[in-house]
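Let's take a walk through this fold, starting with the whole chain and ending at a single side chain. Keep the model open beside the text as you read.

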Amino acid sequence: MQGKTSIEQIEVFFCHFSNMLKGSEYSWDVWNMVWQGNVKPEHDRNRKKENSGLYRQLKEQEKREKQERLSFLEVLSESICLPPDVLAGAPIITMHGRNAIYIENHKKITEYNEEHILIQTKSCKLSIEGKSLKIDYFTKEELKISGLIRRISYGEEAM
């Protein structure tokens, strides 16, 4: 029975137990026990396998669509004479020495303390490390961080 599919297993169990179950008041309980013990785990494994393949296909399709969007933005930016990062909503970072940084196109502040600030942008995570860091102000479009800035790094892509 190991090589048979779930549908074949259901047919075998149904045929095997149908005579035994007829007229019994516990017929549903017996059938449910057989289903839970033998057929359902096989069914769940097959469903998980199919779902993982489907999710893999969806992720690949999303990657292709993202690449198409990026190439479209490049063509569009060339035709209207704008940098592609401006159209894509990439973070625009302006530093004034080591003491102030302005960040445009941010989404949210993920982590904040005096030595580390983590900011989610539309395309990546931006990590700022330093000493006595503080957020002077932030609006929907821009935020300003001051303090002694030691390092700025880009993290993984946004989810």
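Residues 24 or more positions apart make up 43% of the contacts in the protein with a separation of 6 or more, a contact being heavy atoms within 4.5 Å. What you're looking at is a predicted model, where local features need pLDDT of at least 70, side-chain atom pairs count only at pLDDT 80 or more, and totals for chains, interfaces and linings use all residues. Residues are numbered from 1 along each chain as its sequence is written, and side-chain values use heavy atoms, with hydrogens and water left out.

Going from the N terminus, the elements run α-α-α-β-β-β-β-β-β, which comes to 3 helices and 6 strands. Both kinds are DSSP runs numbered from the N terminus: helices are H or I with at least four residues, strands are E with at least two. Of the 159 residues, 26% count as buried, that is, under 20% relative accessible area with a 1.4 Å probe, protein chains only.

Now for the strands. β1 (residues 92-96) and β2 pair in the antiparallel sense over 5 bridges; pairing takes at least two DSSP bridges between two strands. Thr 94 has Tyr 102 in β2 as its bridge partner. The two strands form a hairpin with 3 residues between them, and Gly 97 in the turn has a positive phi of about 65°. As for β2, 4 of its 5 residues are buried, so it is largely enclosed by the rest of the structure.

What makes up the largest nonpolar core? It has 11 residues, among them Ile 101, Ile 117, Leu 126 and Ile 145. Such a core is a set of buried Ala, Val, Leu, Ile, Met, Phe, Trp, Tyr and Cys residues joined through side-chain atoms within 4.5 Å. β2 (100-104), β4, β5 (124-138) and β6 (142-157) each supply at least two residues of this core, and β5 gives the most, with 4. Leu 126 is worth a click: leaving out residues up to four places away in sequence, Leu 126 touches several others, including Ile 93, Ile 103, Ile 119 and Tyr 154.

Last stop, the other hairpin partner strands: β3 (residues 106-112) and β4 run antiparallel, joined by 5 bridges, with 3 residues between them in the hairpin. Lys 108 has Gln 120 in β4 as its bridge partner. Is Gln 120 buried or exposed? Gln 120 is buried, with a relative accessible area of 9%. A polar atom of the Gln 120 side chain lies 3.4 Å from the backbone oxygen of Cys 124.

Note on methods:
Buried < 20%, exposed > 50% of the residue type's maximum accessible area, 1.4 Å probe, protein only. Polar contact = N/O pair within 3.5 Å; in protein donor to acceptor, adjacent residues only side chain to side chain.
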